[in-house]
Amino acid sequence: MKPFLKWAGNKFAIIDRIKAVLPAGNRLIEPFAGSAAVFLNTDFDSAILSDVNEDLMTLYHYLQKDGERFIGYCNTFFAKEMNDSDTYYQFRKMFNSLTDARLRAALFLYFNRHGYNGLCRYNNKGEFNVPFGRYTKPYFPAEEMAQFHRKIQGVTLLKQGFVETMEMAQPGDVIYCDPPYVPLTETANFTSYSSGGFGIKEQQTLAELAKSLSKKGVHVVISNHDTTFTQTAYESAKIVSFQVRRFISCKGDARGQANEMLALFGDEEILAG
Ligand SMILES: C[S@@+](CC[C@H](N)C(=O)[O-])C[C@H]1O[C@@H](n2cnc3c(N)ncnc32)[C@H](O)[C@@H]1O
């Protein structure tokens, strides 16, 4: 099942690799939900999806609650005459001072398909600031949204940081973590590196939480780049490493190989199976 959102770092392309190592369990917890590629392609009895991005979680909330009605409402923003830069920038300005949560959610989806590269970026005042994308005919993901609506019934949706979400785990739960990547090359300034507020401190906290939860019968799988830093941070885990082809230039003309890893924290017997 394809996510309806474009999302940087989404794991749809490597879903089979992840499913191959994800243990079975009572409940799936995704504390870095993003476009929720893993949740959409697995079948746990129950699930918690959470992310620190409030706009994302509000969009999921309306889609969960209102389904077809909300999908129809979002579709009205995909009319041909709305795909021009003046309208885009008017919507962006309006979005940044909006209090109507449902309209904000619909505009967030409009930006995802009409904005540059489907990026989601805010300035330090918290204002959405992605430029217009100039697509000839932005795709409206009606069917993908309808599937998401059906799949998300009964799922707990939370807007919060990963620590609060991971602390909700009970023995028998499976947590899939997909944090912002650590940098591929470990530059001297990694200690001050921070992507959206996620720096070395948060990476270490996540690794420590995974380790301590695994001792309480919770299975934790973390995706990240395979670097010296992650090898050390996840040293108590079983590591599966593989190569992924991805764009490394924003112009899209230079493709490179990057090593991706999955760190499996948990019961040896289950991980071996
Ligand atoms: C690599 S993306 C996840 C992609 C997702 N697995 C998918 O397939 O689309 C990382 C996500 O972590 C979220 N995030 C960043 N910092 C966070 C934090 N401190 N707590 C929870 N979520 C956070 C971002 O908003 C983003 O959606």
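The structure is a predicted model, in which local features need pLDDT of at least 70 and side-chain atom pairs count only at pLDDT 80 or more, while totals for chains, interfaces and linings use all residues. Residues are numbered from 1 along each chain as its sequence is written.

The protein chain contains 10 helices and nine strands. Helices (H or I, at least four residues) and strands (E, at least two) are DSSP runs, numbered from the N terminus. Of the 273 residues in the protein chain, 34% are buried. A residue counts as buried if 20 or more other C-beta atoms lie within 10 Å of its own, as exposed if 12 or fewer do, and as partly exposed in between, with C-beta atoms placed from the backbone. Two residues are in contact if their C-beta atoms, placed from the backbone, lie within 7 Å. Among contacts in the protein chain between residues at least 6 apart in sequence, 66% join residues at least 24 apart.

Several strands pair, a term that requires at least two bridges found by DSSP between the two strands. Strand β1 (residues 27–30) pairs with strand β2 (residues 46–51) in the parallel sense over four bridges, and L28 has A47 of β2 as its bridge partner. Strand β1 also pairs with β4 in the parallel sense, over two bridges; here L28 stands opposite V174. Strand β4 (residues 174–177) is in turn joined to β7 by four bridges, and these two strands run parallel. In that pairing I175 stands opposite V220 of β7. Six of the seven residues of strand β7 (residues 219–225) are buried, so this strand is largely enclosed by the rest of the structure.

Helix α6 (residues 142–151) has M145, F148 and H149 as its buried residues. These residues lie on the same side of α6 because they cover an arc of only 100° around the axis, the arc being that of the directions from the helix axis to the C-beta atoms. An α-helix has 3.6 residues a turn, so residues three or four places apart point the same way. On the other side of α6, E143 and R150 are exposed. The cover over the buried residues of α6 includes α3 (54–75).

The ligand is surrounded by 20 residues, of which the closest are G9, N10, G34, S35 and A37. A residue is near a molecule if its C-beta atom, placed from the backbone, lies within 6 Å of it. The shell around the ligand has nine nonpolar, seven polar and four charged residues. In this grouping Ala, Val, Leu, Ile, Met, Phe, Trp, Tyr, Cys and Pro count as nonpolar, Asp, Glu, Lys and Arg as charged, and the others, Gly among them, as polar.

Q160 is placed in the loop between β3 (156–159) and α7 (162–166). Q160 counts as partly exposed because it has 14 C-beta neighbours inside 10 Å. Its contacts, leaving aside neighbours within four places in sequence, are S50, V52 and T165. The C-alpha atoms of Q160 and V52 are separated by 4.8 Å, although the residues are 108 apart along the chain.

M261 belongs to strand β9 (residues 255–265) and is partly exposed, with 18 other C-beta atoms within 10 Å. Leaving aside neighbours within four places in sequence, M261 is in contact with N224, H225, D226, T230, I239, V240 and S241.
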